[in-house]
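This report covers the chain contacts, the strand pairing and some backbone details of one model. Please read it beside the sequence and the coordinates.

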Amino acid sequence: MTKYILIGVVIALMVFAVASGRLGAASFGTWIGALLTLSIFSFLYKDNPLYKLAEHIFIGISAGYFVALEYWNVFVPNLWNPLLASFRTVSPSGLMLIVPFVLGLLLFTRFLPKAAWLSRWSMAAMIGSYAGLAIIGALQGDLLAQIRANMMPLISPGSPGGLKSAAGASALFFATLEVLRNPLIVIGLLVTLVYFFFSREHKGSLGAASRVGVWFLMISFGASFGYTVMSRVSLLIGRLHFLLSDWLGIIH
Amino acid sequence: MEERGTERRSLLTRLSLIDRRILFLIIFACAAIPLLIGASLKMSVTAPVKGLYDAIDALEAGSCVWLAADYDPGSKPELSPMNYALVEHLFRKNIKVISASLWAPGPPLAQTVFDEMAPVHGKHYGVDYVNLGFKEGREAVMVSVAEDLRRTFPEDYAGTPLDSIPMLKGISSLKDIDMIICVSAGYPGIKEWIQQIATRYDTVIGGGVTAVSGPEMYPYIQSGQLVGLLSGMKGAAEYEQLVGRPGLGTAGMVAQSSVHVMVVIFIIFANIVYFLEKRRARR
Amino acid sequence: MRTEIPVAMAFIAGMLMVVSLFVPHPFIAEPAAVMRGWAIIITAFAYVLGVANIARISLHTVRNRTTDWQYKAALVVALVAMAGVGIAGGINSGGLFDWAYLNMYVPMQATMFSLLAFFIASAAYRAFRARSVEATLLLVVAAVVMLGRVPVGEKLWPGLPAFTEWIMEVPNMAAKRGIMIGAALGAISTGLKMILGIERSYLGSD
Amino acid sequence: MHPLSRRLPSYGLTLPLVLLSLLLAASPGLATVILEAVDVPNDDGTALGLTWMGDLAEGDSLTISRAAYPDTAWSYVATVDAMREGYIDQGLSRKITYVYKIESAGGRPALSGPVSPSASFLNTSRLVMLAVLALYFISVLIYIKLAARGREFFVRRISGLNAIEEAIGRATEMGRPVLYVPGIDDLNNIQTIASMVILGDVARMTASYETPIIVPVCKPFVVPVAEEAVKQGFMNAGRPELYNPDNVRYLSDEQFAFTAGVNGIMLRERTAANIYMGSFFAESLILAETGFSTGAIQVAGTANIHQLPFFVAACDYALIGEELYAASAYLSKEPKLLGTLKASDLAKVIIMVLLGIGCITETLGLTSFADLFTAR
């Protein structure tokens, strides 16, 4: 039944578009895009060859796209051109680029079982760099800055005055929330850290704190849940907008 | 009585095990009908969005921002409207824009936005904006660009050497940039820009993210490491409202609302059924 | 040779990155900059390696005519065509490569991700249950945020956007900050173990 | 705050310059400005900072130029608002000595003394950061050493692990198999490795209950490791003969194809306990939904925070973030993992104490303690 409804909806929309004379305006590229979009949507009915084909073409196209971009935006400007220039001018710093070139090629020894160990040299140089960058990123961006930001006065600035001057239930409600702001942030962080503390059994006051920590975590997961739904729905709206506007021309 | 009981139970069970394709159809209708009707709703602007708007508005004409297009088509409906609204604001303020991408699929998306907006505002490539294209290397690129722009990006997206682009004269690293605005779909993105650049090079950072990563950005807003943030299509819609250029963000808000309401109804309804079933099972 | 050199290389590369934060002098800053330039190039090769691996596995399937080999063949054709067009014809806007990107890559990836809207809605109906205090709290906050973040929420209660923002800025922020600090500690210790060669799983087994 | 005032320590104008300024001030009719150029500290030796003072009014602008001493060919640097606190000239060379000149409209030009930029060996503004990093590094290494020497470390009971045992018990009662999904990432993700440790323990339990365990795998490299973990688990339970190699199944390395495959296993083989441990992405909610609809008991664990909401809402128990690593450290007793866990716990205690002190001092209006942690 569902299948017929789905097909019916698509046909109805197309008939509407043809009748209003807008469908012909879509370019060949838009038609391709629309057909691929529908092929992927067909997965919602069930897994089928059309979806599988679109999925595999997508993987192929995206992989090919990456290769071309890496070639034009990285290899050519950052490796080839400087290397060629340094051959001409014999600059030692430019010639040093041979090192990453060779290390990059060594990665491909992975396909040769006997020489595969050579690829570890390149992996190590790369992973070492990123590990180092990750360390300093986490240190300055997250650890210190976040600790510093949470050292805050327990009385939220301006909030006691706001509470006194609040008139009406709604204003009072929000003024109370403002009073609670800093204390709840401070407590919330402490109890969350307690939850992720593994060296003591969570009993007694530690257990109570850890339980409150879970509540804070759950509120934050609820927020993430709501935002994730929001994200996915927006993506759907984007696709529908493409179909209805760019392809069928029903809306503008 | 007895019989009605079983019938009601089977109805409940049937309801809780409804074919998911019917749910899919309901969601499809909730999203498509508002789009077809073309309804729109006014909304209030949230503090993080206002923060970004004010920070950009405070920049002087002629200053230069780094617009990181770190996203791909997978989140285009959320982030592209932001990209448009931000470029609109920047162009209107006569601020120079350097766009670059740490996501390979990013540059053409940024280019599309420029191609559409530049003629409207009378802006010229190489004078008012450039697209440096994609660079592999995540955090390494960020730090590298902060130290030396030309060593990292010897050429722009189209392959023009940076030294022959007029607007880049006098810009040798991120130290010469007034603000980093990152439109970010994940890793590498705004979080890494903050981690690597914000404190180390004392740079102002703001930007937009997909709604999925919105909630985890709040610690950075509170700490002041982020001057402002747009989360998801809603953030884009609010920004569109601030700059007065309604786009896909604004257009999608009624559809967004109606699907949200439907999902909330799903959750409430299903949980009521769940509790009724549980109570029945207990009896 | 097989482990000492890689471990030494990881150590030097990683330490350069860390030390350059504290030592601004060119005797560290310059080699660190060179190392970052190298990392950029090697990472680009690593991506191409990944692509080569996809092609290799797919070709293997095609050659052995195992299940779904036809799809793998389509994959390889698409890959070779896209990379070939891009490298030979350039990537500039208006070209064939750009056309294929805009009319094939963009719609397909965007649609793949949009499928999740349906899956989330279906899971919301069929699986998300308030089975415990924790799950109840989560679902209630989720519902509030979902309504408070769209314009229709304001119509229900004008204070809803402000209340939602408070949830985001206070309890959500505190918990996310806790997770962030824990993750930062984890990232630093993992990074340290990699640089010192205590953690070598990325090198693979002998 | 202007960047200069943050980066320059209070460099007072030197005595000769003050005398010079007095001398110049004595000549009537012309606006007098004095200029000082100093090295910017804590940098790589490519910048100089300029500060000035004198008879300047709101709206005046200054033209800055520089020359390479002793040459006097002036080159233009910038035109700035006279009221700003100073100017930092970047992109200079350590090998050159510079002289600066500023001119205001209708004023006498002022010259700076010759100065060359110097590079620092240590950025002193980051000393606190360095100390924090060094202490944490040391504690990680010490704890790993101690753990390797066989020191026993306490790790708290992790409720998720008990939930797993319960779930396996239920599956045994019902005579149906257990499903264990180790995420969809490769072995380069630490979560997958942690998952393999937990898999070993789950396999041990299922073997002792004589309940079959099915392990669908998404990445080819994970297959041998998963097989090994299951086999070892069966050996540890003393039931190696029960091990069935067909139950570790490579399905597909494409996300949704894998998901569809796992859904198929749940529906066909009617697994009664589903355990998801590792790195999950969008498939999390699809798996959890199918598992819920088949009535299985579900326990999940992931450090991918973005997927946890769905696991919490659709599963009976979820290990949250770091708990996954803690569980694997607890089960494996591996020094690397235990040492890291302990060092991170120690750091958390210290952080909590510091946060407490910081909040109290801030409440009292004393900011100097908290400012120690301002990252620069």
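## Terms and basis

Helices (H or I, at least four residues) and strands (E, at least two) are DSSP runs, numbered from the N terminus. The model is predicted: local features need pLDDT of at least 70, side-chain atom pairs count only at pLDDT 80 or more, and totals for chains, interfaces and linings use all residues. Residues are numbered from 1 along each chain as its sequence is written, chains are lettered from A and ligands numbered from 1 in the order in which they are written, and side-chain values use heavy atoms, with hydrogens and water left out.

## Backbone details

B:Pro188 sits in the loop between β4 (179-184) and α8 (190-198) of chain B. The peptide bond joining B:Tyr187 to B:Pro188 is cis, with omega about -10 degrees. In chain D, the bond from D:Tyr69 to D:Pro70 is also cis, and its omega is near 5 degrees. D:Pro70 belongs to the loop between β3 (61-68) and β4 (75-81) of chain D.

B:Asn94 has a positive phi, near 55 degrees, although the residue is not glycine. The loop that holds B:Asn94 runs between α4 (76-92) and β2 of chain B.

## The sheet of chain B

Strands of a sheet pair through backbone hydrogen bonds, either parallel or antiparallel. Here, two strands count as paired if DSSP finds at least two bridges between them. Chain B has an open sheet of six strands in the order β3-β2-β1-β4-β5-β6, with parallel pairing. Its edge strands, each pairing on one side only, are β3 (129-134) and β6 (229-231) of chain B. From one strand to the next, the twist averages 15 degrees.

Four bridges link β2 (residues 96-101) of chain B to β3(B) in the parallel sense. Within β3(B), B:Tyr129 is the residue opposite B:Val97. Helix α5(B) lies across β1 (64-70), β2 and β3 of chain B, and runs at about 165 degrees to β3(B). Axes are lines fitted to C-alpha atoms, for helices over the stretch in contact, and angles run from 0 to 180 degrees between N-to-C directions.

## Strands of chain D

In chain D, β1 (residues 33-39) and β2 (residues 48-54) run antiparallel and are joined by seven bridges. D:Val38 has D:Gly49 in β2(D) as its bridge partner. Three bridges also join β2(D) to β5 (residues 87-89) of chain D, again antiparallel. D:Gly49 is paired there with D:Ile88 of β5(D).

## Chain B against chain C

Contact means heavy atoms within 4.5 Å. By that rule, chain B contributes 63 residues and chain C 52 residues. Buried area is the accessible area (1.4 Å probe) that two parts lose on being put together, summed over both. Between chain B and chain C it is about 5100 Å², with carbon and sulfur atoms giving 67%. On the side of chain B, the residues that lose the most area to chain C are B:Glu136, B:Tyr218 and B:Ile267, together 11% of what that side buries.

A salt bridge is a side-chain nitrogen of Lys or Arg within 4 Å of a carboxyl oxygen of Asp or Glu. The count between chain B and chain C is one salt bridge. B:Arg151 and C:Glu30 form a salt bridge through their side chains (3.2 Å, N to O).

## Chain C against chain A

This contact takes 107 residues from chain C and 113 residues from chain A. The buried area is about 10400 Å², and carbon and sulfur atoms give 83% of that area. In chain C, the greatest losses of area to chain A fall on C:Phe45, C:Tyr71 and C:Met108, together 7% of what that side buries.

Three salt bridges are counted between chain C and chain A. C:Glu134 pairs with A:Arg211 in a salt bridge, the closest N and O atoms being 3.1 Å apart. Over all chains the salt-bridge count comes to 26. The side chains of A:Arg181 and C:Glu169 also meet in a salt bridge (2.9 Å, N to O). A:Arg181 lies in helix α8 (residues 169-195) of chain A and C:Glu169 in helix α7 of chain C, so this pair joins two chains.
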